[in-house]
Amino acid sequence: MSSPQWELALKVQTAEQTHALGAALGAGLEAGDLIILTGELGAGKTTFTQGLGEGLGVRAGIISPTFVLVRIHPNLPDGPRPGGPDLVHVDAYRLETAAEIDDIDLENTMDSAVTVVEWGRGRVEHLSESWLEVELHRPLGSAAGDQAAGVVLDFDTDDDDEPRTIVIRGFGSRWVQQPALPAAVRGKS
């Protein structure tokens with residue numbers, strides 16, 4: 001795997017801030033962009049994607065595509081970015097190989113949409129020469145050592161207002177520069 005062009009670590013305190021960060025990033029995304037989301041259960045991947053959708057101006061109602069694998073959220077002609085790209089939201093958790101990724105035909109929408117892949121690290125990088133990797137960490141339930149130490153992992157996904165660290169990495173020529181994010185959503189890095 002290639003090395004990132006840059007890395008930005010941000011702290012958010014609430015689900016609202018996670019959403020706002022996604023919306024700010026989404027406002028600058030273009031058709032053909034690939035976003036790879038990683039993070040344990042309850043880390044905020046879907047909340048972040050809902051923000052991306054808002055920033056892109058796509059139809060509301062983004063939920064995790066866990067059981068259908070792919071959901072397409074169309075751009076709203078009367079939204080904030082008429083004529084902008086659609087959002088293709090993928091859950092690759094149960095997909096184990098690049099061939100399984102290829103079977104869901106993402107290449108048919110890659111050029112015309114923004115593609116967001118949850119659990120995509122190590123599975124979808126072959127789809128584009130450039131991508132953003134967004135890694136979300138929550139304070140509980142993430143450390144492998146916790147389980148070995150006998151600590152009960154917290155997978156309560158309803159506790160959205162825990163602080164989180166969000167690490168964004170840019171790969172490839174599209175992401176030589178960090179995206180412009182308003183100071184209000186950058187948190188304390």
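A: K11 stands opposite T165 in β7. L10, for its part, faces I166 of that strand. The model is a predicted one, in which local features need pLDDT of at least 70 and side-chain atom pairs count only at pLDDT 80 or more, whereas totals for chains, interfaces and linings use all residues. Residues are numbered from 1 along each chain as its sequence is written, and side-chain values use heavy atoms, with hydrogens and water left out.

β1 (residues 6-12) and β7 (residues 164-171) are joined in the antiparallel sense by seven bridges; two strands count as paired if DSSP finds at least two bridges between them. In a regular strand the side chains alternate between the two faces of the sheet. Buried means under 20% relative accessible area, exposed over 50%, and partly exposed in between, with a 1.4 Å probe and protein chains only.

β1 belongs to an open sheet of seven strands with mixed pairing, in the order β1-β7-β6-β2-β5-β4-β3. Its edge strands are β1 and β3 (70-73), each of which pairs on one side only. From one strand to the next the twist averages 20 degrees. Helix α2 packs on this sheet, touching β2, β4, β5 and β6, and its direction makes about 175 degrees with that of β5. Such angles run from 0 to 180 degrees between N-to-C directions, with axes fitted to C-alpha atoms, for helices over the stretch in contact; a contact means heavy atoms within 4.5 Å.

α2 itself (residues 45-56) has 12 residues and reaches 16 Å from its first C-alpha to its last, close to the expected 16 Å; the expected span is 1.5 Å times one less than the number of residues. Nine of those 12 residues are buried, so α2 is largely enclosed by the rest of the structure. The buried set is K45, T47, F48, T49, G51, L52, G53, G55 and L56. Their cover includes α1, β2 (34-38), β4, β5 (113-118) and β6 (131-137). A15, in helix α1 (residues 15-26), counts as buried at 17% relative accessibility. After α2 comes G57, whose phi is positive, near 80 degrees.

These parts sit in a chain of five helices and seven strands, which follows the pattern β-α-β-α-β-β-α-β-β-α-β-α. Buried residues make up 46% of its 189 residues. Of the contacts with a separation of 6 or more, 77% are between residues 24 or more positions apart.

One caution concerns confidence. The chain averages a pLDDT (the predictor's confidence in each residue, from 0 to 100) of 85, and 85% of the residues score at least 70. Over residues 141-159, however, pLDDT stays under 50, and the model has 18 contacts beyond four places in sequence for them. Where pLDDT is low, the predicted coordinates should not be read in detail.

How values were computed: Helix = DSSP H or I, 4+ residues; strand = E, 2+ residues; numbered from the N terminus.
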